[in-house]
Amino acid sequence: PVQSLFVFVFFSSLYLLIYLFLRSRLAAIGRNISEASNSYMRLVHDVIATIREIYIWDKKTKVKERFKLLLLSHNDPQFLYNALSQIPKPFVESVTFMGIVLSCLYISETGGDVNSFVSRIAVFIVAAYRLIPALQQIFLCFSAAKANSVALSNVVNHLNMFLTANDSKLILQQNFLSMSDSSCLIELRDVTVCGDSNQIILDKVNLKVFKGEKIAFIGPSGSGKTTCLNTLLGVQGINDGHFYINSDCFSSFSSSWSESCSLVSQDVYLTDDSLKDNVVFFSDTNVDFERVNTACKVACIDFIEDINSKLGVKGGSLSGGQKQRVGIARALYKPFKLLAMDEATSALDNETEKNLLNNLINYLDEDMSLIMVVHKMDLLHYFDRIIVFSDGEIECDGSLDFVNMNSQVFRRLKVL
């Protein structure tokens, strides 16, 4: 019993010393792993939320580079952690082996009782053989706990913030209770698009978009406006029909065309970066600051003075209308031939919306086309053409006066 107790105390002390020596290093490694994992997951979330923009703006290579860098920043500390957590076992075994060898040499040199020594060393070896794996598992548990303490601390802090937010919300609720073909940019001919259940979303649509045109898509919900917009951008495949880019027929949209387009979605996703980084959108090098400032000016971004100001996670420090203006500035920063806006001003107040559209119309030159999905009738006078959609078809196409006289769907929408 005394020998077994001695063996237990000896090896436990050895493992404890190793843990005390490595714990600060393990905590630092855990912090690096946690930060890298958070950055990686934020990038995954950002990419999923902005997949259309990444495809249209041809930022796939930039995104891949970001992923590679984040994987390296995660894998390096993870490899170091795995190595450090496995060090004690071979180290303790080596120390034990060297101790036994030195003891044997000492006994042989001093002429001690070999039989007694062999019986004791046998007990020591058997106890070490049983103890070391168990102590190694305990060490791994403590190492994992230390390395993950940063992540656990973050979870606890977020839970505390959530509980505090719930308490504050309850208080607030209680208080509350008191042209010509030569200028044709893109054309759809008899294009049909079907959904997952073969339901027809666009039915034999024919549409020409000319250079410099400003077009409004209008129609009831589910009439095919956004699907047609996505088809023109090249992010929506077609089931039948043909499309032409600069009068050239294509069987599928080329990436070069998508690179010529820019997009503002209704729900703008902002990354946890500065205003400048959100506007340039994954373009870390060769930033054109003059173009950034011009885009922000056209988009009426007067609520942030410094373009390096952080916008928070998902733009949490901004209102819905402010997020949309950042999204518009992002779209204007990118060189384009076609600017698509899918209800991109729906969250703006009337005055800001009119100022922004005036700026935008003045900004666009004769080679830049604009297509905007619109629901507000008082905005239609900004556009050259009004295209009225109904049940996946173009019901009417012409000037504001023309559709007002000839479109029953348009007149119903005016009443609504």
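The model is predicted, so local features need pLDDT of at least 70 and side-chain atom pairs count only at pLDDT 80 or more, while totals for chains, interfaces and linings use all residues. Residues are numbered from 1 along each chain as its sequence is written, and side-chain values use heavy atoms, with hydrogens and water left out.

Let's begin on the surface. Phe 6, Phe 10, Ile 87, Phe 91 and Val 95 form a nonpolar patch there, with about 430 Å² of accessible area together. Accessible areas come from the Shrake-Rupley method with a 1.4 Å probe, and for residues only the protein chains shown count as cover. A patch takes residues with over 30% relative accessible area and no salt bridge, joining like charges within 9 Å and nonpolar side chains (Val, Leu, Ile, Met, Phe, Trp, Tyr) within 5 Å. Helix H1 (2–49) and helix H4 (88–110) are the elements that give two or more residues to this nonpolar patch. Helices (H or I, at least four residues) and strands (E, at least two) are DSSP runs, numbered from the N terminus. Val 95 has its place in helix H4. Why does Val 95 count as partly exposed? Its relative accessibility is 32%, and the term covers the range between buried (under 20% relative accessible area) and exposed (over 50%), using a 1.4 Å probe and protein chains only.

Now for the charged residues. Side chains of opposite charge can pair when their charged atoms come close. A salt bridge here is a side-chain nitrogen of Lys or Arg within 4 Å of a carboxyl oxygen of Asp or Glu, and by this rule the count comes to seven. One of them joins Glu 187 to Arg 189, with the closest N and O atoms 2.7 Å apart. Glu 187 counts as buried, at 10% relative accessibility, whereas Arg 189 is partly exposed at 35%.

Next, look at Arg 385, whose side chain meets that of Glu 213 in a salt bridge (2.8 Å, N to O). Because Arg 385 lies in strand E9 (residues 385–390) and Glu 213 in the loop between strand E2 (200–210) and strand E3 (214–218), the pair ties together parts 172 residues apart in sequence. Both Arg 385 and Glu 213 are buried.

Arg 385 also forms a salt bridge with Asp 397, the closest N and O atoms being 2.7 Å apart. Asp 397 lies in strand E10 (residues 393–398), so this pair links parts that are 12 residues apart in sequence. Asp 397 is partly exposed, with a relative accessible area of 32%. Through shared partners, salt bridges join Glu 213, Arg 385 and Asp 397 into one network.
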